[in-house]
Amino acid sequence: MELLRGGSSTIPTASLAVVVPAAALYARAASARLPPGLPRLAALLPVIAFYAAVPLIFSSSILRFVAGFFLGWLGTFKLALLAASRGPLDPALPALPFLFTALFPVKLITTTNNERPAASTSSTTTTTTSSGSFVSRAMEVAAFACVLRLYSYMDTLHVYLRYTVYCLHLYLLLDLLIPCTALLGRLVLGMELEPQFDRPYLAASLREFWGRRWNLMVSAVLRAAVYDPVRALAAQWNKNNNKEVAAAASFLVSGVMHEAMACYLLLRPPTGEMVAFFLLHCAFCLVEDRCVRMWRAKGWPAPPRAVRFLVLASFMAVTMFWLFLPPVCRDGGEEMLRAEWAAVPAFFLKLLPRYGILYVVYICLINVGGLD
């Protein structure tokens with residue numbers, strides 16, 4: 001299969017292992033010598049453009065998606081923030097922690113609010129758990145294997161059941177992939193990293209889901225790159241609604257970047273539906289906030305958490321099935337992705353006799369090491 005192969009004869013995929021880190025080291029060196037602002041931004045723009053183009057080298061949609069998320073989205077945003085001396089990157093970081101933070105969806109833990117990120121030297125510090133115990137992590141691995149197995153039988157499932165499987169697949173993929181990078185950082189570099197998910201299936205409101213549980217690295221980057229600057233700017237014009245304006249801008253940028261991720265995945269132009277999805281969620285987040293404040297002002301007891309969860313789950317399902325998944329699944333996209341993912345189990349089964357024990361070690365370390 002093409003899973004580990006690039007699609008360009010002019011830029012071999014293996015060379016990316018050298019060129020991509022070298023570009024990040026150039027960004028670190030340039031940032032150390034140039035002041036924040038336009039001079040530093042001008043020096044970093046070639047790296048930003050390069051990282052945005054790297055995912056297109058791969059012929060595999062899976063690798064395009066992963067590279068698009070790591071580099072095309074988070075990598076470019078981190079570098080843009082670095083140009084303004086904001087965000088998780090700092091030229092004062094040692095080379096390896098800088099590389100790891102720039103190239104992967106992770107953020108170093110800081111010990112105080114005023115300190116920049118630094119590599120941890122303590123062996124007793126542990127990161128906050130994001131997915132529960134050893135049992136829950138093992139269950140996620142088993143569920144992911146079942147999802148991949150289901151790809152061979154997707155034709156027999158109703159379209160909404162297939163969409164549900166795809167949503168589960170996306171969550172499991174991210175929640176298993178990102179801890180792998182966190183584990184590497186802890187074991188190889190001795191770095192302490194912030195968790196990226198906090199059991200999003202327990203959320204009982206849109207604000208809790210997007211702000212405190214789902215893909216926290218993206219939330220942190222959007223807050224630093226969009227929310228905080230827009231809110232500060234909006235406060236100069238309207239002190240009453242600056243939070244709403246900043247939230248709308250953040251959701252809009254998130255929608256645009258999800259359109260970009262779909263482009264990486266399918267190599268098709270954007271449709272605008274994902275932007276509509278996130279703007280709709282923004283509107284309902286703002287309505288939800290107003291309703292909660294009004295509810296509390298009247299002294300009414302909060303609805304049971306189970307009821308709020310069911311309302312949230314229903315809203316998420318309707319909007320995902322209406323706006324988020326159709327642009328990915330239509331026009332042969334669903335069949336193409338299913339065919340590629342259906343080949344993944346066979347690929348890993350070939351590796352299992354030799355490397356299967358590593359999966360067990362991974363699950364053990366990710367819990368014992370405090371990364372789960």
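This is a short walk through one predicted structure, from its overall make-up to a few individual residues.

Okay, hi everyone. Keep in mind as I talk that this model is predicted. Let's start with the whole chain. There are 14 helices and zero strands. Of the 372 residues, 45% are buried. If you take contacts between residues at least 6 apart in sequence, 73% of them join residues at least 24 apart.

Now, what does the UniProt record say? The entry is unreviewed, and under "transmembrane region" it lists residues 39-58, 65-85, 131-151, 163-189, 273-295, 307-325 and 345-368. I looked at two of those spans in the model. Residues 65-85 are 90% helix and 0% strand, with the end C-alpha atoms 28 Å apart. Residues 163-189 come out as 100% helix and 0% strand, and there the end C-alpha atoms lie 39 Å apart.

On to the core. The largest nonpolar core has 86 residues, and the members that touch the most other members are Tyr 51, Phe 69, Trp 73, Leu 79, Trp 210 and Trp 341. Which helix gives this core its largest share? That's helix H3, residues 61-83, with 15 residues. Take Phe 69 as an example. Leaving out residues up to four places away in sequence, Phe 69 touches Leu 74, Pro 105, Leu 174, Ile 178, Asn 215, Val 218 and Met 261.

Next, the aromatics. The whole structure has 23 aromatic pairs. One of them is Phe 209 with Trp 210, which is edge-to-face, at 4.9 Å centre to centre and 85° between the planes. Both partners are buried: Phe 209 has a relative accessible area of 11%, and Trp 210 sits at 16%.

Then there's Phe 278 with Phe 324. The ring centres are 6.5 Å apart and the planes are at 70°, so this pair is edge-to-face too. Why does this pair tie together parts 46 residues apart in sequence? Because Phe 278 lies in helix H10, residues 273-297, while Phe 324 lies in helix H11, residues 305-324. Phe 278 is buried, at a relative accessible area of 1%, and Phe 324 is buried at 11%.

The buried residues of H11 are Leu 312, Phe 315, Met 316, Thr 319, Met 320, Phe 321, Leu 323 and Phe 324. What do they pack against? The partners are helix H6 (159-189), helix H7 (206-213), helix H9 (242-266), H10 and helix H12 (326-329).

Now for another phenylalanine. Phe 98 is in helix H4, residues 95-103. Is Phe 98 buried or exposed? Buried, with a relative accessible area of 0%. Its contacts, again not counting residues up to four places away in sequence, are Ala 24, Arg 28, Leu 82, Leu 89, Asp 90, Pro 91 and Leu 93. Arg 28 is 70 residues from Phe 98 along the chain, yet their C-alpha atoms are separated by 7.7 Å.

For those of you who think about cysteines: how many disulfides are there? Zero, in the whole structure. Cys 167, for instance, has its nearest cysteine sulfur, that of Cys 329, 9.2 Å away. Cys 167 is partly exposed, with a relative accessible area of 23%.

Last stop, two loop residues with backbone angles to look at. Ser 85 lies in the loop between H3 and H4. Its phi is near 60°, a positive value in a residue other than glycine. Ser 85 is partly exposed, at 38% relative accessible area. Leu 267 lies in the loop between H9 and H10. Its phi is near 55°, also positive and also in a residue other than glycine. Leu 267 counts as exposed, with a relative accessible area of 53%.

Definitions and conventions
Residues are numbered from 1 along each chain as its sequence is written. This is a predicted model: local features need pLDDT of at least 70, side-chain atom pairs count only at pLDDT 80 or more; totals for chains, interfaces and linings use all residues. Side-chain values use heavy atoms; hydrogens and water are left out. Rings of Phe, Tyr and Trp (its six-membered ring) pair if their centres lie within 6.5 Å; planes under 30 degrees apart count as stacked, over 60 as edge-to-face and the rest as tilted. Buried means under 20% relative accessible area, exposed over 50%, partly exposed in between (1.4 Å probe, protein chains only). Helices (H or I, at least four residues) and strands (E, at least two) are DSSP runs, numbered from the N terminus. Contact means heavy atoms within 4.5 Å. UniProt positions are given in the numbering used here, feature names are shortened, and annotations may be inferred rather than shown by experiment. A disulfide is a pair of cysteine sulfur atoms within 2.5 Å. A nonpolar core is a set of buried Ala, Val, Leu, Ile, Met, Phe, Trp, Tyr and Cys residues joined through side-chain atoms within 4.5 Å.
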